Amino acid sequence: MVTRKSRQIKLMRTLFWTLGVLVVALIAVLIINFATKGQDTSQQDLEQLYETAEYVPGVSIGGVDVSGMMFEEASTIPELLTMAGSATDGVEVIIDVNGTQYTYSPEELGITSNYSQVLEQAMRYGNEGSGSKIREERAAARDEGVDFPIGLYVDEEIVKDKIVELKAAIDVLPQDAALDIADDVLGPERFTYISEVKGVDVDAGQLAKLLKRNVEQGNYGPIEAPVIITNPAIDVATLKANTQLIGSYYSLFDSPTLSKEGRVNNIKLLADIVNGTVIKPGEAWSINEAAGPRDEQTAQTVGWTSAPGISNGRYEDQIGGGVCQVSSSVYNAAIRAELAIVQRRAHSWPSGYIENGMDATISTGGPDLVLSNPFDMPVYLAVYVEEEEYKVTVEVYGPPLTHGYKVQFVSNLVRTIPAGEPTYHYDSTTDPEGNPIAEGKTVTWVKEKDGQVWEVTKQYVDDNGNVVSSEIFSSNRYEAFSAVYYVNGPDPTTVGPTPLPTDSQ
């Protein structure tokens, strides 16, 4: 009996639990259906209101009495249509973006007449809501009159999208302070500082909300746009503090060979190209890329001229000859400013205008000088030519060197490489350029030069001229060149002694 009764109790509990679940589910379905039906009914009621209801007595739209009219009749009143069409006429929306004002028409911002919204609001008035609400509104309209003015309407999402489109014209990107470098002024006075510009980013969503609020309040005065301000990384004060002279060097072209007109022309051209160069932090800069090719075409377009340059152990005329004086001067200023040297090559033999071991050759499609800025601020190259002084000066401006010492370099010859045996070209009536060689004469095509190895030491010097530390900076090898002769005569090993070089040609 006990077991049977226990089973009955369990069965009853199961039935009640199942019934409870069914009741809860049924209630949930009813709630959902009721909510859905309510939404549909609301829309249906509104549509029915438009079709069957009349504007209550005393209601006007834009000052025009619409009492007793149906929705369709009121929406086609010519006077109201005219007012709706001209609602935006003469209206200007002024937006102040961080002190700069921009004026737009309502159409440019997606702002329209509120005519359709007013027609609906006026129809709902006194026709919708609880009984007491309806009675109160009808009494107010009858006794005092209620007018729904025609004005402007702001759809927040539409206006936001329009502002997003306009942001390209009103937003401002942050700009660091900058320098303008004059060509004809020496020293720090050559710099004109250009002020920084703060970044301004208009918050389109917040501005749309403010426009909607102002329009609804009938306020069409200037509106201050919510913006996000971004300060530039470098202002003028910071730039000035980090535009110090940190390295300089000059070289002279005062010999008859170095001061030839074509060579000086090329020096001035490259100096103008390099002057004003800005190398940003971590950026590498190539002088060859800056100068472009020196060839027959650019001789016409840029103005490069032919001048002597080192090639194959001798001086030969080249388009752009002499530009290495600028690259070598830039190199010397750069290493004193402690810029990083990414690429540099010495000439095949020492240059008379630069200390041995301190030159930097460049050529189109060949050796290059590439500098890199190791600092966290930009560096600036200033180059100027004083033609009457036969002088090229390069200055590097940037953040002060943190070690506080002067940087200098000392070159030392560490080894000489003897030239090899000379080469003779017998029975030559012309040299390799086609110039005739008189019978029995000898032309020296390449002069004998011993090779050299120069070691450059970098030194840090204090204000009293004391060397506080030094290190080997570079080792530079200049090639040995054996003499090359062209002889208009037979090989002496077959006919007699070799004529001595006369260099008469």
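Mentor: Helix α12, residues 324–336, lies across β15, β18 and β19 and runs at about 140° to β18. Helices (H or I, at least four residues) and strands (E, at least two) are DSSP runs, numbered from the N terminus. Contact means heavy atoms within 4.5 Å. Axes are lines fitted to C-alpha atoms, for helices over the stretch in contact, with angles from 0 to 180 degrees between N-to-C directions. Keep in mind that this is a predicted model: local features need pLDDT of at least 70, side-chain atom pairs count only at pLDDT 80 or more, and totals for chains, interfaces and linings use all residues. Residues are numbered from 1 along each chain as its sequence is written, and side-chain values use heavy atoms, with hydrogens and water left out.

Trainee: What's the strand order in the open sheet with β15, β18 and β19?
Mentor: β15-β19-β18, paired antiparallel; two strands pair if DSSP finds at least two bridges between them. β15 (284–286) and β18 (340–343) are the edge strands, each pairing on one side only. On average, neighbouring strands there are turned by 30° against each other, direction ignored.

Trainee: And how many bridges join β18 to β19?
Mentor: Three, with β19 covering residues 370–372. Ala340 stands opposite Ser372 in β19.

Trainee: Switching topic: how much space is in the largest pocket?
Mentor: About 630 Å³. A pocket here is an open set of points on a 1 Å grid over the protein atoms alone, where a 1.4 Å probe fits, with protein on both sides within 12 Å along at least five of seven lines; lining residues have an atom within 4 Å of a point. Points are joined across faces, edges and corners, and the volume is the space filled by probe spheres set on them.

Trainee: Which lining residues sit closest to its centre?
Mentor: Gly309, Ile310, Cys324, His347 and Thr361, out of 33. β16 (306–311), β17 (314–319) and α12 each supply at least two lining residues, and β16 gives the most, with four.

Trainee: OK, back to α12. Which strands does it touch in the sheet β22-β25-β26?
Mentor: That open sheet is antiparallel. β22 (406–417) and β26 (467–478) each have a single partner strand, so one side of each is left without a neighbour in the sheet. α12 touches β22 and β26, and its direction makes about 125° with that of β22.

Trainee: How many bridges pair β25 with β26?
Mentor: Ten, in the antiparallel sense, with β25 spanning 451–461. Lys458 has Glu471 in β26 as its bridge partner.
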